[in-house]
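User: Could you walk me through this structure? I'd like to start with the inside and then look at some rings.
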Amino acid sequence: MVFRLIFPALGFWKGLFFILIHQALFGLYMASVFAPNHKGMLIVGKDEVMDFLRLQVLTARNVRAHPITDFWYGGLNYQVEHHLFPSMARNQLREAQAIIRKFCDDLEISYHETSIAHSYVEILDYLHIVSAPLRQKNLAVEAA
């Protein structure tokens, strides 16, 4: 359907270029929304048993609320609340956050929230740690 609109309007080469740029930018946008929510958080193994609440809270990170982040993330900056209540309207997630955070505090469950910038710092730190064996292997190969 989209191809029937783009190519007649733009021609083949401009249409193809438009589609490639659109897909690249859309991919970057999606990565900017999804990566900060989970990368570097707890990974639960197949053999580990964890209750639903802990599984959702400990494996997700919230990005601190602000009108810009609320718009950019479309409510997914409230990742913990989204995982606990996936069908909740996004305009209710901020209100739910206060209730869920208090509930987690009462149960002594770690609730993680950070800024956009710091979420990327945490991701890069995590990637640095998990890639250490590869760096060590490369150093050993270079030394030989």
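Predicted model: local features only at pLDDT ≥ 70, side-chain atom pairs only at ≥ 80, totals over all residues.
User: Which elements give two or more residues to the largest nonpolar core?
Analyst: The largest nonpolar core has 10 residues, including Leu53, Val80 and Ile100; such a core is a set of buried Ala, Val, Leu, Ile, Met, Phe, Trp, Tyr and Cys residues joined through side-chain atoms within 4.5 Å. Helices H3 (52-58), H5 (79-84) and H6 (93-106) each give two or more residues to this core, where helices are DSSP runs (H or I) of at least four residues, numbered from the N terminus.
User: And is Gln56 buried or exposed?
Analyst: Gln56, which lies in helix H3, is buried at 11% relative accessible area (buried is under 20%, exposed over 50%, partly exposed in between, with a 1.4 Å probe and protein chains only).
User: Now the rings: how are Phe3 and Phe7 arranged?
Analyst: The whole structure has four aromatic pairs. Phe3 and Phe7 are stacked, because their ring centres are 5.8 Å apart and their planes are at 10 degrees; rings of Phe, Tyr and Trp (its six-membered ring) pair with centres within 6.5 Å, and planes under 30 degrees apart count as stacked, over 60 as edge-to-face and the rest as tilted.
User: Which residues form the aromatic cluster?
Analyst: Phe3, Phe7, Phe12 and Trp13 form one cluster.

How values were computed:
Residues numbered from 1 in each chain as written. Heavy atoms only, no water.
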